[in-house]
Amino acid sequence: MFEGVDVDVPAGGLLAAHGPAGSGRTSLLLALAGRMRLSGGAVRVGGHVLPAAGGRVRRMVAIARAAPAVDLEGRLRVREVMAERCLTSPGVTERGIREAFETVDVSPRGADLVEDLGPADRLLLATALALAERPGALVVDDVDEGLPPDAQGPVWQALQRVRGHGPTVLAGCLHPPPLTVGLVALSLPRRSQDRLPAETATVRKDADT
């Protein structure tokens, strides 16, 4: 999980929560999307306070990727994930998805298996499908996972174009992204439990079991 987070992201902004594995990035993003209940603190999304307005927040926030909870099925073809999104998300059309493809600058072939796409194209495909839902905010985790250095800049530029179309972008990544206008960078350290001395950590583990 995560702790000690205090962040304010303006509407239409870009949050980049970065930190190592185990820092709570995915949990934070799911909490902001109204899909994970907090044990303390307060979250306000678009004027709605969680957890009381959880249903409204979930309807206004689309999740592109937050593995393992949300991710594209690698064994499906691109045309199949497109058809699935049109069936499961009200208002999403093939035309809307293709317009989203143009926004993020990705052009997968319908016959391509999702698992055969490169890491950047797979991320941008997931982002485009979520953008086609016309959400108020969009969550995309593990932005830089598996990306070669020369692909990271274009991917972050694509996310900037996404927010230019309206939604607030809530992103998670291992490393700090390039500084850009409208970026809110949030550094997440490892959980405090992971920073405890070994003896103390052992005692807590035994106590929990």
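Me: What is the relative accessible area of Asp-71?

Reply: This is a predicted model, in which local features need pLDDT of at least 70 and side-chain atom pairs count only at pLDDT 80 or more, whereas totals for chains, interfaces and linings use all residues. Residues are numbered from 1 along each chain as its sequence is written, and side-chain values use heavy atoms, with hydrogens and water left out. Buried means under 20% relative accessible area, exposed means over 50%, and partly exposed lies in between, computed with a 1.4 Å probe and protein chains only. Asp-71 counts as partly exposed because its relative accessible area is 39%.

Me: What distance separates the C-alpha atoms of Asp-71 and Leu-123?

Reply: Asp-71 is found in the loop between strand 4 and helix 3 (78-88), where helices (H or I, at least four residues) and strands (E, at least two) are DSSP runs numbered from the N terminus. Although Asp-71 and Leu-123 are 52 residues apart along the chain, their C-alpha atoms are separated by 9.5 Å.

Me: Which residue of strand 5 is the bridge partner of Arg-65?

Reply: Two strands pair if DSSP finds at least two bridges between them. Strand 4 (residues 61-65) and strand 5 run parallel and are joined by 4 bridges. Within this pairing, the partner of Arg-65 in strand 5 is Val-140.

Me: How many residues apart are Arg-25 and Asp-141?

Reply: Arg-25 forms a salt bridge with Asp-141, with the closest N and O atoms 3.2 Å apart, the term meaning a side-chain nitrogen of Lys or Arg within 4 Å of a carboxyl oxygen of Asp or Glu. The pair links distant parts of the chain, since Arg-25 is in helix 1 (residues 25-32) and Asp-141 is in the loop between strand 5 and helix 6 (149-164), the separation being 116 residues.

Me: Which residue is linked with Arg-25 and Asp-141 in a network of salt bridges?

Reply: A search of the whole structure finds 7 salt bridges. Both Arg-25 and Asp-141 are buried. The network of salt bridges that links these two also takes in Asp-142.

Me: Why are Arg-95 and Glu-99 separated by about one helical turn?

Reply: Arg-95 forms a salt bridge with Glu-99, the closest N and O atoms lying 3.4 Å apart. Arg-95 counts as exposed because its relative accessibility is 66%, whereas Glu-99, at 37%, counts as partly exposed. Their separation is about one helical turn because in helix 4 (residues 94-104) they are apart by 4 residues.

Me: Is Asp-112 buried or exposed, and what is its relative accessible area?

Reply: The side chains of Asp-112 and Arg-109 meet in a salt bridge (3.0 Å, N to O). Arg-109 counts as exposed because its relative accessibility is 60%. Asp-112, by contrast, is buried because its relative accessible area is 15%.
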